[in-house]
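Visitor: Hi! I'm new to this one and would like to hear about its charged side chains. Could you walk me through them?

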Amino acid sequence: MTAQARFDLLPPPPRLFESMRAYGYTLGTAIADLIDNSVAADSRNVWVDFAWDDGDPWISVIDDGNGMTDDELRNAMSLQSRNPRDTRESKDLGRFGLGLKTASFSQARRFTVITRSEENGPFRRRRWDLDYLEQQDSEVWACLWDPHPDAGDRAKGLEKRGLTRGTQVLLEELDRLDGKTNSKSVAADHFLGQIDRVEEHLAMVFHRFLARRNSGLDIYINDSPIKPWDPFLETHPATKIEPFQSRKLSGYEGLVGVKGFILPHKDKFDNPEDYKRAEGPLGWNSQQGFYLYRADRLIIPGDWLHLRKKKHQNYQLARIRIDIPNAMDDAWQIDVKKSAAAPPAALTDWLEGIATDVRERAEKVLRHRDAYGPHKPKLEELADPWVTKDLSGGETRYKINRKHELVDSLAKSLSEVKKQEFESLLQIVEETVPVRQVWINEESRPEPYIDLPDKELRRLFSALHSKKKQTMSPEEAWDEIETEPLFQFENAQSVLGELRNEADK
């Protein structure tokens, strides 16, 4: 006879909600998680409103979807309102039933949901309020039925927009968005400055929905529509598209679909603005790699997924799309906030091979070969101080680029005697290049310039700007430096921004 199990009935830990705030959401990923619920509710429009409200900021996410019944609302406000193993509709972007709570609490100390499911039916409301819970007995978890008295008209978003059905999520007490400063004006600038970053993130994550004409989704930030950002530039005539491939994953319904893209070289863009937009929110280097989509929703925006591949300047034009059905969430280890994943072991060799092929082709395009044919770079494009020279017998020599802007400028400033000494120095450097060691270290070396201190970056950019503005306007010179692929990392862009601001004063 089996012994009867012994157990304790334990209440939820009193600080569980506070712990849930540490899932690592950004404001963009939190808002995207809330919009996932709108997509699942068949919404055609989502309005995201940000208000500073004189130091009492709030955010509202409203949709015109199906709304929720009493039981559905109660379930939505419960912790883990679903089993992640349950079969879901193909368009359902949730899995754990935690997104509403974790996303909201990551930014706010209280959030209210207002919904109506019948056309012009009653409004149903529920509120989680951390400050209220702290005042109660630790065993009492009270999900309140009404908005906070201070919410006022904030909680009437559905009525203000004249929606007969839909849902509003109101985030208040935004203690994570004040920039941790006592200055009200600085806090306001910090809060409002995040709106552009949220727009960029939503334009990327939901770009497939936003691009559909008849069955898509329109998202508005403070009533301005968001334009989709296509990571693959499929409509650009110079984008090279690899053949579609697919695989079945044993034990799962549906297929894993993969398609590779080699984006155009900088030369193929009509203007710097188009080139800048094509790089994406994180820059060319950071946005290379696999893009994982589940039910058309972007999960991973550029990563080599730990497949023995590292991000490198040479492969910045390589982007690969992976599509999986939502039934494969556990196989890909997708996390609660939908920002991390890992491929199943059964697919890694296949994906590794695709990545190698796309990376090799992307490197050729970056170096002006492949379909573009031979290319003689213009002076203003040359940011690489090294060039190669192929000799007979297959030997390759590495030479310092005499036409590089700074090398050329320095040589012209020297007397004939000093110029000869300078040329001798360059030849000594060329003849002693440790080619074998460079080849060994190539994959693991940091990006060019990325370890330079800010002081050295300032000196470099100032010298480049002085040279460039001899043949173009100062603004055009800054634009040219800012969009150079070698300088697409955070420190460089920050220093460039400082220099431009100083120049404008």
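This is a predicted model: local features need pLDDT of at least 70, side-chain atom pairs count only at pLDDT 80 or more; totals for chains, interfaces and linings use all residues.

**Salt bridges in the model**

Visitor: Okay, which residue does Arg-161 form a salt bridge with?

Guide: Its partner is Asp-223, and the closest N and O atoms are 3.0 Å apart. The two sit in distant parts of the chain, 62 residues apart: Arg-161 is in the loop between helix 6 and strand 5, while Asp-223 is in the loop between strand 6 and strand 7.

Visitor: What about Arg-212, where is its partner?

Guide: Arg-212 pairs with Asp-296, with 2.2 Å between the closest N and O atoms. That partner lies in the loop between strand 11 and strand 12, 84 residues apart from Arg-212. Arg-212 is partly exposed at 30% relative accessibility, and Asp-296 is partly exposed at 25%.

Visitor: Switching to helices: how far apart are Lys-419 and Glu-416 in helix 12?

Guide: They are three residues apart, so about one helical turn separates them. They form a salt bridge too, the closest N and O atoms being 3.7 Å apart. Glu-416 counts as exposed at 54% relative accessibility, whereas Lys-419 is partly exposed at 30%.

Visitor: Which residues are linked in a network?

Guide: Asp-53, Asp-56, Arg-110, Arg-154, Glu-172 and Glu-173 are joined by a network of salt bridges.

Visitor: How many salt bridges are there?

Guide: The count comes to 38.

Notes:
Residues are numbered from 1 along each chain as its sequence is written. Side-chain values use heavy atoms; hydrogens and water are left out. A salt bridge is a side-chain nitrogen of Lys or Arg within 4 Å of a carboxyl oxygen of Asp or Glu. Helices (H or I, at least four residues) and strands (E, at least two) are DSSP runs, numbered from the N terminus. Buried means under 20% relative accessible area, exposed over 50%, partly exposed in between (1.4 Å probe, protein chains only).
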